[in-house]
Amino acid sequence: MKRQLILLLLFLVSFVSVFAHGKHQDMENDNKQEKIFSPSTPQPADMQMGRPLNWMQWIGNFHFMFLHFPIALIMMTGVSELLWAWSQKPIFDYASRFMLIAAAIFGIPTALLGLILSSTTSYSGLLGSFIWWHKWLGISTALFAIIVAFIRQRKGVSKLYYLSLIVLFFLVNITGYLGGGMAFGPDHILPPT
């Protein structure tokens, strides 16, 4: 069971690492994908030149700086737990504990800044669904990271902790996918044609 869990987590980390942000560089040159703001489409007044027009937008834009910390920390907690299970070296146990606590701490301002940002934007259609799910899954991810950190602290490394970490891993990846869909388009994770 332990070996299967390690292989499953290793596969998930590898899969997400390979496909997570593959569309970033191709977005500019991809003429087949409909862009949210194309050069021929006038941009809304509050988005011209990328500068926010009010303080709420400015504060909300810090969401983009904070969001990478909890994502990376949760992903690396999974990697560190795999390495600890494989090698039993205490450094990986300490690293896992540190990264999980840091992810729980960084999740709070990330979710709050995301809420502020979502109150200053409006999407419709598919992207409206993306923002709704992204918002509530982001809040859930931040709260669940705190819960998982408490489980690890109270129960130690247990089956409940590993199951919770796997759920947290999926939550952060689904939330990240939806956020990427709003920034780069709904098909941002699909391979090139």
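Reply: Helices (H or I, at least four residues) and strands (E, at least two) are DSSP runs, numbered from the N terminus. By that rule, Leu 115 is found in helix 5. The model is predicted, so that local features need pLDDT of at least 70 and side-chain atom pairs count only at pLDDT 80 or more, while totals for chains, interfaces and linings use all residues. Residues are numbered from 1 along each chain as its sequence is written, and side-chain values use heavy atoms, with hydrogens and water left out.

Me: How many helices and how many strands are there in the protein?

Reply: Read along the sequence, the pattern is α-α-α-α-α-α-α. The protein accordingly has seven helices and zero strands.

Me: What percentage of the contacts with a separation of 6 or more comes from residues 24 or more positions apart?

Reply: Contact means heavy atoms within 4.5 Å. Among contacts in the protein with a separation of 6 or more, the share from residues 24 or more positions apart is 73%.

Me: Is Leu 115 buried or partly exposed?

Reply: A residue is buried under 20% relative accessible area, exposed over 50% and partly exposed in between (1.4 Å probe, protein chains only). The relative accessible area of Leu 115 is 32%, so Leu 115 is partly exposed.

Me: Which residues does Leu 115 contact, leaving aside its neighbours within four places in sequence?

Reply: Leu 115 is one of the residues of helix 5 that meet helix 6. With neighbours within four places in sequence left aside, Leu 115 is in contact with Lys 135 and Ile 139.

Me: How are helix 5 and helix 6 oriented to each other?

Reply: Axes are lines fitted to C-alpha atoms, for helices over the stretch in contact, and angles run from 0 to 180 degrees between N-to-C directions. Angles under 35 degrees count as roughly parallel, over 145 as roughly antiparallel, 65 to 115 as roughly perpendicular and the rest as oblique. The axes of helix 5 (residues 90-118) and helix 6 come within 9 Å and cross at roughly 150°. Helix 5 is therefore roughly antiparallel to helix 6.

Me: What orientation do helix 6 and helix 7 have?

Reply: The axes of helix 6 and helix 7 (residues 159-184) come within 8 Å, with a crossing angle of roughly 155°. Helix 6 and helix 7 are therefore roughly antiparallel.

Me: Which backbone oxygen does the side chain of His 134 reach?

Reply: His 134 lies in helix 6 (residues 125-155), and Thr 175 lies in helix 7. His 134 is buried because its relative accessible area is 16%, and Thr 175 is likewise buried, at 7%. At 2.8 Å, the side chain of His 134 reaches the backbone oxygen of Thr 175.

Me: Which residues are in contact with Thr 175, leaving aside its neighbours within four places in sequence?

Reply: The contacts of His 134 beyond four places in sequence include Thr 175. Counted in that way, Thr 175 is in contact with His 134, Leu 137, Gly 138 and Thr 141.

Me: What value is phi of Gln 88 near?

Reply: Gln 88 lies in the loop between helix 4 (68-87) and helix 5, and Gln 88 counts as partly exposed because its relative accessibility is 42%. Most residues other than glycine have a negative phi. In Gln 88, phi is positive, near 60°.

Note on methods. A polar contact is a pair of N or O atoms within 3.5 Å; within protein, one must be able to donate a hydrogen and the other to accept it, and residues adjacent in sequence count only if both atoms are side-chain atoms.
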